Amino acid sequence: MTNQDNQFKKVISHAKEYGYVVQSSEIYDGLGAVYDYLQNGVELKKNIREYWWKSMVQMHDNIVGIDSAIFMHPTTWKASGHIDAFNDPLIDNKDSKKRYRADVLVEEYAEKLLIKAQKEITKAAKRFGESFDEEQYKTTNPRVLNYLSKREEALQKIGKYLEANDLVAVKALIEELEIACPVSGSKNWTDVKQFNLMFGTKIGASADSNMDLYLRPETAQGIFVNYLNVQKSGRMKIPFGIAQTGKAFRNEIVARQFIFRMREFEQMEMQFFVRPGEQMKWYETWKERRLAWHLSLGLGEENYRFHKHDKLAHYADAAADIEFNFPFGFKELEGIHSRTDFDLSSHEKHSGKKLQYFDPETNKSYIPYVVETSIGLDRMFLAIFSKSLQEEILENGTTRTVLRLPAVLAPIKVAVLPLVKKDGLPKIAHEIITDLRLDFNVVYDEKDAVGRRYRRQDAAGTPFCVTVDHQTLEDNTVTIRYRDSMEQKRLQINDLKTVVKDEVSISNWLQKTREKK
Ligand code: ATP
């Protein structure tokens, strides 16, 4: 097992052990790619949603939120192109009977070549020492060049074939690259087929009056069909945005990566309506703003990168992903798409209703262009959770497991611990809790030695422990212990709230994105 696999396994078991995430219907052996959030998970998820919402809605005077229904009129999905084009190319291995996404097989092949090239570079850097010129080595070493050009060629070909919907060529490419099934090791593949990812269902009780519906595969369409309602009732002027968070459903073919790829998940999307011709400017602006939002959480700039799409979805004229360094490598975390006027024009055509905006500045009516930012809440959860989970060797040689969640997002902000279960200390601890609870999620813990309690809170991600001891009885002071530095300070009970608030308040954290703007 690789280091990466190991780290990922730890993330999954830690999520269960500390009440964050478990598989859905676990007692029945679970349901593939569907997960439940437990007592800490639900808080972390809620805090991420709130952090997004405040930054996208509250901090912009031209962005408002909605909450549209999961069920939508079925013509919505005809108009959006999902019925005809929301497909993934699937391929089966005849020996292992495992199913894969053909494009993912090629992408993984390409990623391996990149890793090989990087290994060569690291080796050379060691060999040459100080005098090593990475740029020169990359552009001249034949082995590195070979890996990189093979990678580029494979990615370009898969992009081209998928765009042309040439599934025969996709299969031929998998054979030409000699890609083997990771499970059976065999190259015995079926033909490639297109598979629609939408879940179907029915509304209505009687057989003749019922209607075929889909569970929405994205939240965006609920925004498009309501764009004029919001524009008119809110007297919004272009450019303006509509944001929404909510469940989306996709019958994913490959679902092996915990909450990275789920069949039922939550999206946080914002559609920004702009003048035709101004979309590229806004596309660049939103790329920058979204990256600043991610960086504000302090998980490390080196863990993010942009990936520009070569193969564009049917609705887009430009698209990029913000990729994150997950335990299994860099993968898409958020998409920023310039969706043109595709969706609104198509809804106008299919509904027969005018969806034009009258621009009072130019005295012209037009269908706005749209720039979208779309992020998976569960994927964001995984990004934060996996990066925060760390093991450290302490000075005394012991290991400490610590979940360094950004304090603003941590489910529990403070654990209040009486040093011992007697002498009136529990009573004071409860009084502190009663006061802090008005502002923060707090817990009480009196079991085990205080050192063990600290470790338990470290592993659960609680940024502050407050300990009540005998000195508290004399001078009303307590010890506050910081999760990350393990530093301890004494302070007055009366000052606790201010100290904690300063470290966990959304406004302080969001300030960092504002400074970047
Ligand atoms: P991928 O290429 O990984 O399948 P996508 O390009 O289809 O993703 P979008 O349609 O752009 O994804 O959706 C926007 C965001 O929604 C993604 O960036 C991701 O964070 C999230 N998302 C998409 N599919 C899933 C899923 N099955 N499970 C969890 N999150 C998802």
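An oxygen atom of the ligand lies 3.4 Å from an N or O atom in the side chain of Q267, in a predicted model, and this pair is one of the polar contacts listed below, a polar contact being a pair of N or O atoms within 3.5 Å; within protein, one atom must be able to donate a hydrogen and the other to accept it, and residues adjacent in sequence count only if both atoms are side-chain atoms.

| Residue | Part of the residue | Distance to a ligand oxygen atom |
|---|---|---|
| Q267 | side chain, N or O atom | 3.4 Å |
| E332 | side chain, polar atom | 2.6 Å |
| G376 | backbone, polar atom | 2.9 Å |

Of the 590 Å² of accessible area that the ligand has on its own, the protein covers 87%, with areas taken from the Shrake-Rupley method with a 1.4 Å probe; for residues, only the protein chains shown count as cover.

Around the ligand there are 17 residues, of which E252, R261, M262, E332 and L333 come nearest, where a residue is near a molecule or strand if one of its heavy atoms lies within 4 Å of it. By class, this shell has seven charged, five polar and five nonpolar residues; Ala, Val, Leu, Ile, Met, Phe, Trp, Tyr, Cys and Pro count as nonpolar, Asp, Glu, Lys and Arg as charged, and the others, Gly among them, as polar. At least two shell residues come from each of β10 (264-274), β13 (329-340) and β16 (369-376), and β13 gives the most, with five residues; helices (H or I, at least four residues) and strands (E, at least two) are DSSP runs, numbered from the N terminus.

Two backbone features lie in loops. A cis peptide bond, with omega about 5 degrees, joins I238 and P239, and P239 is found in the loop between α10 (227-233) and β9 (240-249). N363, in the loop between β14 (357-359) and β15 (364-366), has a positive phi near 60 degrees. Most residues other than glycine have a negative phi, and most peptide bonds are trans.

Residues are numbered from 1 along each chain as its sequence is written, and side-chain values use heavy atoms, with hydrogens and water left out. Because the model is predicted, local features need pLDDT of at least 70 and side-chain atom pairs count only at pLDDT 80 or more, while totals for chains, interfaces and linings use all residues.
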